[in-house]
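Welcome! Please take a moment to look over the sequence and the 3D view before reading on.

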Amino acid sequence: SAFVVADGDESRIAIQSLDGGPRRLIGEPGAVRQSPVFFPDGRRIAFRFAQGGDCALVEYDLDSGSKRDIVGCAAQPRPRFDLAPDGKRLAVTATHRAQFPAGIAIVDVASGELRHLTKPEPGEGDDIHPRFSPDGKRIVFFRGTASHRRAWLVNADDPASAKPASALEGLTYGSAWLGPD
């Protein structure tokens, strides 16, 4: 398993076997690391890294210790993101236009190419907490502000397909899929 161990205003990623084996901490003190997810091969993880004014979503190789930026700070990636089941794409909350709410973007892990999928208008609130469906074809996310967020669905390859999944709104903390639908 991978999880965050925080100490004050810094954090590291802990990797620990579920059988109770030794815990391995990733990263030197002095930075914030958040939201680790394993790639399908189990040998790499992605997480959000922030230190000073620098931030990125990074790929970290567990064997070699090498770290590579996937998405840099210019896109202002938020800590909660998701990795597609095939490990080739990220769904992230990112800024698409200055002074506008953040939307969902799809990022190609290999190239870092970012494609904006949703672009909420002023007053609609940010699109946050993206989660790929188990087949990687759709993404559920939440749009709104504070206690007025609503679940939305969008096809990962069709920005025009974005629509509310429910009329219910309220506080949200994330989602999970029960099967592909």
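## The chain as a whole

What you see is a predicted model. The protein chain contains 15 strands and zero helices. Its radius of gyration is 16 Å, close to the 16 Å that the globule rule gives for 181 residues, so the chain is as compact as a globular protein of that length. If you follow the C-alpha trace along its principal axes, the protein chain spans about 45 × 35 × 30 Å.

How much of the chain is covered? Of the 181 residues, 41% count as buried. Contacts across the sequence matter for the picture too: among contacts with a separation of 6 or more, 31% come from residues 24 or more positions apart.

## Surface and charge

The protein chain exposes about 9400 Å², and carbon and sulfur atoms supply 51% of that area. Turning to charge, there are 23 positive and 24 negative side chains in the protein chain. The centres of these two sets lie 2 Å apart.

## A sheet of four strands

Four strands make up an open sheet in the order S8-S9-S10-S11, and their pairing is antiparallel. Strand S8 (82–83) and strand S11 (114–116) stand at the edges with a single partner strand each, so one side of each has no neighbour in the sheet. As background, strands of a sheet pair through backbone hydrogen bonds, in either a parallel or an antiparallel way.

Inside the sheet, strand S9 (residues 89–94) and strand S10 (residues 103–108) run antiparallel and are joined by six bridges. S10 itself is mostly covered, with five of its six residues buried.

## The hairpin at the sheet edge

S10 also pairs with S11: three bridges join the two, which run antiparallel. One of the residues to look for is Ile 106, whose bridge partner in S11 is Arg 115. S10 and S11 form a hairpin with five residues between them. In the turn, Gly 112 has a positive phi of about 80°.

Which residues does His 116 touch beyond its neighbours within four places in sequence? This residue of strand S11 is in contact with Thr 95, His 96, Ile 104 and Ala 105. His 116 has 24% relative accessibility, so it counts as partly exposed. Ser 161 is 45 residues away from His 116 along the chain, and 13 Å separates their C-alpha atoms.

## Two glutamines in loops

Gln 76 lies in the loop between strand S7 (67–72) and S8. Although Gln 76 is not a glycine, its phi is positive, at about 50°. With 45% relative accessibility, Gln 76 counts as partly exposed.

Further along, Gln 99 is found in the loop between S9 and S10. Its phi is near 75°, a positive value in a residue other than glycine. Is Gln 99 buried or exposed? At 79% relative accessibility, Gln 99 counts as exposed, because exposed means over 50%.

Conventions
Residues numbered from 1 in each chain as written. Predicted model: local features only at pLDDT ≥ 70, side-chain atom pairs only at ≥ 80, totals over all residues. Heavy atoms only, no water. Rg over C-alpha atoms; globule rule 2.2 N^0.38 Å. Buried < 20%, exposed > 50% of the residue type's maximum accessible area, 1.4 Å probe, protein only. Contact = heavy atoms within 4.5 Å. Areas by Shrake-Rupley, 256 points an atom, 1.4 Å probe, with all protein chains shown as cover. Lys, Arg positive; Asp, Glu negative; His and termini not counted. Charge placed at Lys NZ, Arg CZ, Asp CG, Glu CD. Pairing = 2+ DSSP bridges.
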